[in-house]
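Colleague: I've got a fold open and I'd like to learn how to read it. Could you walk me through it?

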Amino acid sequence: MIQQLFASETLVHNLPNFNSLSTPEGVRVLVILDRFVDENADKEQITKIFQACKVTPEQLYITDEWVAWQNISGVESIKEVFLFNVDPKSIHIHYTLFPYKMLGIGDKQIMLADELRMIMGNAQLKADFWNKALKPYYIGK
């Protein structure tokens with residue numbers, strides 16, 4: 001089902017659609033990184049972060065392929081989108097996003113975050129990401 005929703009041609013020039021990403025059914029959280037430093041380690045770290053938020057690995061899709069917002073917004077199962085060091089304009093989101101704050105766009109919530117390794121290597125950023133962003137949204141205050 002999710003693959004069929006992304007099977008259409010790319011909606012924005014030079015940005016891929018999900019047809020090439022082989023996204024599984026039931027993906028709830030989409031994580032887009034600017035690039036993988038070490039793909040396996042990066043995916044493992046992100047998976048651990050979201051497991052603490054009660055998001056299962058099956059509900060999580062992690063990629064460094066930038067996908068046009070029009071394609072993302074067409075997938076009903078995706079509810080949250082996290083951009084790690086990705087300029088929202090580069091995937092054609094023309095709203096002002098503030099780091100570590102959810103913004104509702106249609107039926108999706110989107111969050112801008114610093115580069116993953118920067119967050120993991122800085123105690124204050126790590127605390128902010130957890131306490132100001134993830135914990136209130138997923139766990140409650």
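Modeller: Let's go from the whole chain down to a single side chain. Keep in mind that this is a predicted model.

Colleague: Fine. How many helices and strands are there in the chain, and how do the elements run?

Modeller: The chain has 5 helices and 5 strands. Read from the N terminus, the order is α-β-α-β-α-β-β-β-α-α. Of the 141 residues, 42% are buried. Among contacts with a separation of 6 or more, 67% link residues 24 or more positions apart.

Colleague: Which elements make the β-α-β unit?

Modeller: For that you follow a strand, a helix and another strand. Here S1, helix H2 (residues 39-51) and S2 form the unit, and it is right-handed. Strand S1 (residues 29-33) pairs with S2 in the parallel sense, over 4 bridges.

Colleague: Now Glu 80 in strand S3. Is Glu 80 buried or exposed?

Modeller: The way to decide is to look at relative accessible area, where buried means under 20%. Glu 80 comes out at 2%, so it counts as buried.

Colleague: What does the side chain of Glu 80 make polar contacts with?

Modeller: Two tyrosine side chains: Tyr 137 at 3.0 Å and Tyr 138 at 3.1 Å. Glu 80 also touches other residues, including Arg 28, Met 102 and Gln 109.

Key:
Residues are numbered from 1 along each chain as its sequence is written. This is a predicted model: local features need pLDDT of at least 70, side-chain atom pairs count only at pLDDT 80 or more; totals for chains, interfaces and linings use all residues. Side-chain values use heavy atoms; hydrogens and water are left out. Two strands pair if DSSP finds at least two bridges between them. Helices (H or I, at least four residues) and strands (E, at least two) are DSSP runs, numbered from the N terminus. A crossover is right-handed if, with the strands pointing away from the viewer, the path from the first strand over the helix to the second runs clockwise. Buried means under 20% relative accessible area, exposed over 50%, partly exposed in between (1.4 Å probe, protein chains only). Contact means heavy atoms within 4.5 Å. A polar contact is a pair of N or O atoms within 3.5 Å; within protein, one must be able to donate a hydrogen and the other to accept it, and residues adjacent in sequence count only if both atoms are side-chain atoms. Lists of a residue's contacts leave out its neighbours within four places in sequence.
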